[in-house]
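Have the sequence and the 3D view open as you go through the points below.

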Amino acid sequence: QVRLVESGGGLVQAGGSLTLSCAASGYPFSKYAMGWFRQAPGKERTFVAAITMNGVMTVYADSVEGRFTVSRDYAKNTMYLQMNSLKVDDTAVYYCARGQYGRTQSHYTDWGQGTQVTVSS
């Protein structure tokens, strides 16, 4: 069965960096696009970044463009989100997802359980 497990979240000061990982299993990793979404307290889940199945194309939310980088390692069946220059507004639960390349949740069919990222001022 498909399994997506996020890790790497934690508490960091504003301006700091974190790298999230999403370990995928139960399906051919290279056959699906992957995405990152986040949900802040009291808000809806929103798009952060996505990467195509071959890793050639990426897309980012305007709010993270230039600060976050999504990548994937086919040998490890893992997707990453490198987050730099973190802001308090980046505080959220971060989710990875498997599906079709796109910015909306409807593009994705399977989700991880999420990892908490807290940015302090």
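Let's start with Ser 85, which lies in the loop between β8 and β9 (92–99). Keep in mind that this is a predicted model.

- Ser 85 isn't a glycine, yet its phi is positive, at about 50°.
- Ser 85 is also partly exposed, since its relative accessible area is 41%, and the buried class would need under 20%.
- Asn 77 sits in the loop between β7 (68–73) and β8 (78–83), and it is another residue other than glycine with a positive phi, near 50°.
- With 28% relative accessibility, Asn 77 counts as partly exposed.

**The nonpolar core**
- The largest nonpolar core has 34 residues, and the ones touching the most other members are Trp 36, Leu 81, Met 83 and Tyr 94.
- Elements that put two or more residues into this core include β3 (18–25), β4 (33–39) and β11 (115–120).
- The top contributor is β5, with five residues.
- If you skip neighbours within four places in sequence, Met 83 is in contact with Gly 16, Ser 17, Leu 18, Leu 20, Arg 67, Phe 68, Tyr 94 and Val 117.

**The largest pocket**
- What is the volume of the largest pocket? The figure is about 220 Å³.
- Its lining is made up of five nonpolar, three polar and four charged residues.
- Among the lining residues are Arg 38, Lys 43, Glu 44, Phe 47, Val 88 and Asp 89.

Technical notes. Residues numbered from 1 in each chain as written. Predicted model: local features only at pLDDT ≥ 70, side-chain atom pairs only at ≥ 80, totals over all residues. Heavy atoms only, no water. Helix = DSSP H or I, 4+ residues; strand = E, 2+ residues; numbered from the N terminus. Buried < 20%, exposed > 50% of the residue type's maximum accessible area, 1.4 Å probe, protein only. 1 Å grid on protein atoms, 1.4 Å probe; cavity = no way out; pocket = protein on both sides within 12 Å on 5 of 7 lines; lining within 4 Å. Points joined across faces, edges and corners; volume = space filled by probe spheres on them. Nonpolar A, V, L, I, M, F, W, Y, C, P; charged D, E, K, R; others polar. Core = buried A, V, L, I, M, F, W, Y, C linked by side-chain atoms within 4.5 Å. Contact = heavy atoms within 4.5 Å.
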